[in-house]
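Open the model in a viewer and keep the selection panel at hand. The stops below go from one selection to the next.

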Amino acid sequence: MTLSITSLSNSNNILAIKSSITRDPTQAGKEMDGEQQLSTWEGYVDWRNRPAVKGRHGGMLAASFVLVVEVLENLAYLANASNLVLYLSKFMHFSPSSSANIVTNFMGTAFLLALLGGFLSDAFFSTYLIYLISAAIELVGLLILAIQAHVPSLKPPACDLGNISNPCREADGGKAGMLFAGLYLVALGVGGIKGSLPPHGAEQFDDNTPKGRKQRSTFFNYYVFSLSCGALIAVTFVVWIEDNKGWQWGFGISTASILISIPIFLLGSATYRTKIPTGSPITTIVKVLVAAICNAYKLRNCSNSVMSMATSPSYTTEIGGKEESCSKEMVPRQAPTESLKFLNNAVIDKPFHSALECTVKQVEEVKIVLRILPIFACTIMLNCCLAQLSTFSVQQAATMNTKLGTLKVPPASLPIFPVLFIMILAPTYNHIIIPFTRRTTKTEMGITHLQRIGTGLILSIVAMVVAAFVEIKRKRVAAESGLVHSSEPLPITFLWVALQYLFLGSADLFTLAGLMEFFFTEAPTSMRSLATALSWASLAMGYYLSSVLVSIVNSVTSAYSHHAWLFGNNLNHYRLEKFYWLMCGLSGLNFLHYLLWASRYKYRTASPDN
């Protein structure tokens, strides 16, 4: 049946072509060229660098491969990152604060390198190639870590924290070098994947139709859902394996996961449409900024020379000619928009140098980038709060009773609470909340990107308030039980810490999905991968800011009191509740800063709902 339909279709096509040639060969050729042009995606190719064809490449099927790959990739990454602070303290013998800083620096570097992955995807390679290269790099890093965890001679000797005769020694020399080489190869691979995989999935949808834009919004929601699916397996099964069977098995599972993700990604090759790289977006940004500065300097000198000549009455004719020349130079070839007017100097008729000649399109693209940067900056503090999920919150839970009945829950499995909540909330948001708000507001989006981000910022403030109260309660229990100086578990359930995880997980869902879609939608087409990577760069800077805040707080408090707030091997001696109150205050100020920029922001189109 399929064969006969195909044969009939081919026969009809042949008859149509013959009829066209009989009418007018030239006209028939033009019609065929036009049909071929209409049936391909302009600016996109398939995996063999042939023009991508509408109906064959792109769409939800192609994006589905990306979502499955992200489950495996995030499993491989988060299985280690969520529990790494305990591995560093128990097996590599770093102090709690040093372990926390190593983890935040590692995760920060991984997310910051997403900018490199996004840049290379936009400028020189495709998102398709960058993913494959990055996955191979992460695979090598995980292999190094697995080998070190398996071979005892590659780790510091075992010790007892309470035994003075057998003191614990930190990993140093070649052992530390192997550890950090593996970690930062993983970070490089993760960065490349985070910078290429989300835009690769988002590029599968048509910008020019409401259906395509709605599907793209659905993709970003389910991308966060996929992150959570990988995280669920990582913080339950893999963390249990690491704590009970050994870290070599945990690293081994991560290695197998990233290895399996590569052929799954390749299986979707025939369905992908891949954006053709258009050159370095950084070059365009720098060119426009330099041209605006140089041309402004040139025009100012021109005006100054006219003013100086005006002091002499004998140069009236020359002044008139000079003024006319200056006015001609100041006239732009085209009319750019009025926002960020300083950049309009980049498109004057006679630029400072021919190499600095810019188009109005380039200037407007740079304006878009500059307008989204304040929004990006306002999300860094939220991600600084999220950094606590992988550091102090895990260490808090490790001091508490982690049993649920007869089951002992590893502290690193605490993120299961926000993960499960996200897995429930993401489909609910996409299939119930968004359709309801679309009907209510009569708009395509329902809830704008900036409203989603703002909701996440509010939830992060609430999370820090909850975290401070939970820490006060934990230390009160430690004092009442006489266990302040002991390493024994406190008689208080670790589920108290789960409260802050729920709020931070909700904040992550609203902010990350909203931020990624905001950057991808608002950015110029030539900069989309790099702009989307700003979401991960915000996470990176949040982790770095967390490390900086810990160092500053320790320096200041040790100078003005007998003991630093966040220093030592016993968490019961920390002033962690005061640190959380500090985070809460900084988050509140950051939210006010966000409101200032969000209220002034104008979307690229007349309405964000177009």
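Begin with Arg273 and Tyr44: Arg273 lies over the face of the Tyr44 ring, at 3.9 Å from the ring centre. The coordinates are those of a predicted model, and residue numbers count from 1 along the chain.

E1 and E3 run antiparallel and are joined by two bridges. Now show the whole sheet. It is open, has three strands in the order E2-E1-E3, and its pairing is antiparallel. Which strands stand at the edges? They are E2 (51-53) and E3; each has a single partner strand, so one side of each has no neighbour in the sheet.

Next, select strand E1 (residues 40-45) together with E2. Two bridges join this antiparallel pair. Pick Thr40 and look across to Val53, its bridge partner in E2. Then pick Val45, which stands opposite Pro51 in E2. Follow the chain from E1 to E2: the two strands form a hairpin with five residues between them. In the turn, stop at Asn49, where phi is positive, at about 65°.

Stay in this part of the chain and select Asp46 and Arg50. They form a salt bridge, with 3.1 Å between the closest N and O atoms.

The charged end of Lys54 sits over the Trp41 ring, 5.2 Å from the ring centre.

**Salt bridges elsewhere**

The whole structure has ten salt bridges. For the next one, select Lys194 and Glu70, whose closest N and O atoms are 3.1 Å apart. This pair links distant parts of the chain: Lys194 is in helix H8 (residues 173-202) and Glu70 in helix H3 (residues 60-81), 124 residues apart. Both Lys194 and Glu70 are buried.

Move to Arg216 and Asp207. Their salt bridge has its closest N and O atoms 2.2 Å apart. Arg216 counts as buried at 4% relative accessibility, while Asp207 counts as partly exposed at 24%.

Then select Glu444 and Arg213. Their side chains make a polar contact of 2.9 Å. Glu444 is in the loop between helix H16 (416-441) and helix H17 (449-480). Where does Glu444 stand on burial, with a relative accessible area of 16%? Glu444 is buried, because the cut-off for that class is under 20%.

**Helix H17**

Just after H17, pick Gly482, which takes a positive phi of about 70°.

**Aromatic pairs**

Switch to the rings. A search of the whole structure finds 24 aromatic pairs. One of them is Tyr128 with Tyr272, an edge-to-face pair at 6.1 Å centre to centre, with 65° between the planes. Tyr128 is in helix H7 (residues 127-150), and Tyr272 is in the loop between helix H10 (247-267) and strand E3 (274-275); the pair links parts of the chain 144 residues apart. Tyr128 is buried with a relative accessible area of 8%, and Tyr272 is buried at 0%.

The next pair to select is Tyr429 and Phe510. Their ring centres are 5.9 Å apart and their planes stand at 85°, so the pair is edge-to-face. Tyr429 lies in helix H16 and Phe510 in helix H18 (residues 495-522), so this contact ties together parts 81 residues apart in sequence. Tyr429 and Phe510 are both buried.

For the last stop, select Tyr77, Phe106, Phe111, Tyr184, Phe205, Phe219, Phe220, Tyr223, Phe520 and Trp536 together. These residues form one aromatic cluster.

Notes: This is a predicted model: local features need pLDDT of at least 70, side-chain atom pairs count only at pLDDT 80 or more; totals for chains, interfaces and linings use all residues. Side-chain values use heavy atoms; hydrogens and water are left out. A salt bridge is a side-chain nitrogen of Lys or Arg within 4 Å of a carboxyl oxygen of Asp or Glu. Helices (H or I, at least four residues) and strands (E, at least two) are DSSP runs, numbered from the N terminus. Buried means under 20% relative accessible area, exposed over 50%, partly exposed in between (1.4 Å probe, protein chains only). A polar contact is a pair of N or O atoms within 3.5 Å; within protein, one must be able to donate a hydrogen and the other to accept it, and residues adjacent in sequence count only if both atoms are side-chain atoms. Rings of Phe, Tyr and Trp (its six-membered ring) pair if their centres lie within 6.5 Å; planes under 30 degrees apart count as stacked, over 60 as edge-to-face and the rest as tilted. A charge sits over a ring if NZ of Lys or CZ of Arg is within 6 Å of the ring centre and within 35 degrees of the ring normal. Two strands pair if DSSP finds at least two bridges between them.
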